[in-house]
Amino acid sequence: MKNNQLKYAAIALLSMVFMTQQSWAETAPYMTDMSTISAGNTAWMLTSTVLVLLMTIPGIALFYAGMVRKKNVLATSLQSLTIVSISTILWVVIGYSLAFTPHSPFIGGLDRVMLNGVDFNLVQQKLSVSHIAPSIPESVWIMFQLTFAIITPALITGAFAERMRFSAMILFMVFWILLVYVPVAHWVWEPSGWLAQLGALDFAGGTVVHINAGAAGLVCAYMLGKRRGYGREPFIPNNLMYTFIGASLLWVGWFGFNAGSAGAADGRAGMAMLVTQIATAAGALTWCLVEYLARQKVTLLGACSGAVAGLVAITPASGFVGVSGALMIGVLAGVCCYWGATGLKRLLKADDSLDVFGIHGVGGIVGAILTGVFAQKTLSGVEAHVGVQALGAIVTFIYSALISFIILFILDKMIGLRVNEEQEQLGLDLAQHGEHIP
């Protein structure tokens, strides 16, 4: 960044630190006539919401279930289903209000607690809309953003697969959603958030979702320790067809993730969909090429992992880059995430069971920074700065890792995080839930 840009960023950040309240009347969600609502935008956002929800159940559930051992398939799937329910209740009660209402640069207000003020009045032909997406009902915007609050903690479960107590998982997710996901979403996506004010770009969640989840996953892997037998015996995936189906659902659902983040059925949504497809294909092919050069084999698991890497990396950039940028992001994601899941994983000596940090953390960082490199002002109308993108990635990583560590440390002292050796050997399906796959 140029000196004047650095100076501007510093002044803006300092001013926001001392700003404690913003005028609610200026930017609040409000009631509007139903005639101002776009039917096309609403239909597209309803569709996008369903697509993103499908990414978690059954997408992530199948993707992860196929990679664990047979004795942990049901427990892994149950984690995803449970997180859908936990996130929904927390979002309705307080999460949405703290994330998406203007209040301070660091957290939202309480005006939408229990979705107070979210209304639809057929008699008066009025309904509430968000100041962020005024052409669709606020209820649709709430649901769309809820699906992001669902999938982010669900991603983390892959890092501690096969060894975390179910009760500890539930408590960790409750506190993580409220103390980590909600504030970071406010920083980046609410216009009054401090990172948003600095100009950090994250179109669909490279920072809020993937770096956030990747950092938490790495801390979880360290705090729970390695699975018994890790590095001494092969942990063979029980059914890679589940993983393939899950990856396919993620690929398709990601169009709702990225193109839906335009908030409208318009040209930007169309471009976001196109570049998502390009980067995903490039990521899959690049991973396969690197895998072949390194091991002389191309695997289904590798192709699925490469596709997800491309999806992750294009996420923050999807509304800001063109075709050539998407191609480069996909290629670099394939290379970097392959290293993240292999070489970096060995260097870190962490048993990140299903490579949450290697793919989502590394891919999110790559995508966030490359957004600053390849973003085009003609597409977005805003300037991108690599320095600001790097700042957002670093701050999010540190914050998520630190708060995750504190939550896990307290829970470990209070109730314990990990199942005992006998239960781990038996498998979480039977030991924790009393059921199994014959």
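Student: Is T207 buried or exposed, and how do I read that?

Tutor: Buried means under 20% relative accessible area, exposed means over 50%, and partly exposed is in between (1.4 Å probe, protein chains only). T207 has a relative accessible area of 6%, so T207 is buried. Keep in mind that this is a predicted model, where local features need pLDDT of at least 70, side-chain atom pairs count only at pLDDT 80 or more, and totals for chains, interfaces and linings use all residues. Residues are numbered from 1 along each chain as its sequence is written, and side-chain values use heavy atoms, with hydrogens and water left out.

Student: Where does T207 lie, and what does T207 touch?

Tutor: Helices (H or I, at least four residues) and strands (E, at least two) are DSSP runs, numbered from the N terminus. T207 lies in helix α8, residues 206-224. Contact means heavy atoms within 4.5 Å. If you don't count residues up to four places away in sequence, T207 touches V188, D202, N212, A368, G392 and T396.

Student: What is a nonpolar core, and which residues touch the most other members here?

Tutor: A nonpolar core is a set of buried Ala, Val, Leu, Ile, Met, Phe, Trp, Tyr and Cys residues joined through side-chain atoms within 4.5 Å. The largest one here has 114 residues, and W91, F172 and Y181 touch the most other members. Helix α6, residues 166-189, gives the most to this core, with 14 residues. Take F172: leaving aside neighbours within four places in sequence, F172 is in contact with I156, M164, C220, S404, I407, L408 and L411.

Student: Which residues form a nonpolar patch on the surface?

Tutor: Patches are made of residues with over 30% relative accessible area and no salt bridge; like charges are joined within 9 Å, and nonpolar side chains (Val, Leu, Ile, Met, Phe, Trp, Tyr) within 5 Å. Accessible areas come from the Shrake-Rupley method with a 1.4 Å probe, and for residues only the protein chains shown count as cover. Here the patch is formed by L171, F175, L179, L402, F405, I406, F409, I410, M414 and I415, with about 890 Å² of accessible area together. The elements giving two or more residues to it are α6 and α16 (386-414), and α16 gives the most, with six. M414 is found in α16 and is exposed, because its relative accessible area is 62%.

Student: How do I read a salt bridge?

Tutor: Side chains of opposite charge can pair when their charged atoms come close. The cut-off is a side-chain nitrogen of Lys or Arg within 4 Å of a carboxyl oxygen of Asp or Glu. A search of the whole structure finds nine salt bridges. One of them joins K126 and D33, with the closest N and O atoms 2.8 Å apart. K126 is in strand β3 (residues 126-129) and D33 in strand β1 (residues 30-33), so the pair ties together parts that are 93 residues apart in sequence.

Student: Which residue does E424 pair with?

Tutor: E424 forms a salt bridge with R228, with the closest N and O atoms 3.3 Å apart. E424 lies in helix α17 (residues 421-426) and R228 in the loop between α8 and α9 (240-259), so this pair ties together parts 196 residues apart in sequence. E424 counts as buried at 4% relative accessibility, while R228 is partly exposed at 37%. There's also a network of salt bridges linking R69, E162, R227 and D351.

Student: Which side chain does the side chain of S353 make a polar contact with?

Tutor: A polar contact is a pair of N or O atoms within 3.5 Å; within protein, one must be able to donate a hydrogen and the other to accept it, and residues adjacent in sequence count only if both atoms are side-chain atoms. The side chain of S353 makes one with the side chain of R163, at 2.7 Å. S353 lies in the loop between α13 (343-348) and α14 (356-374), and is buried at 9% relative accessible area.
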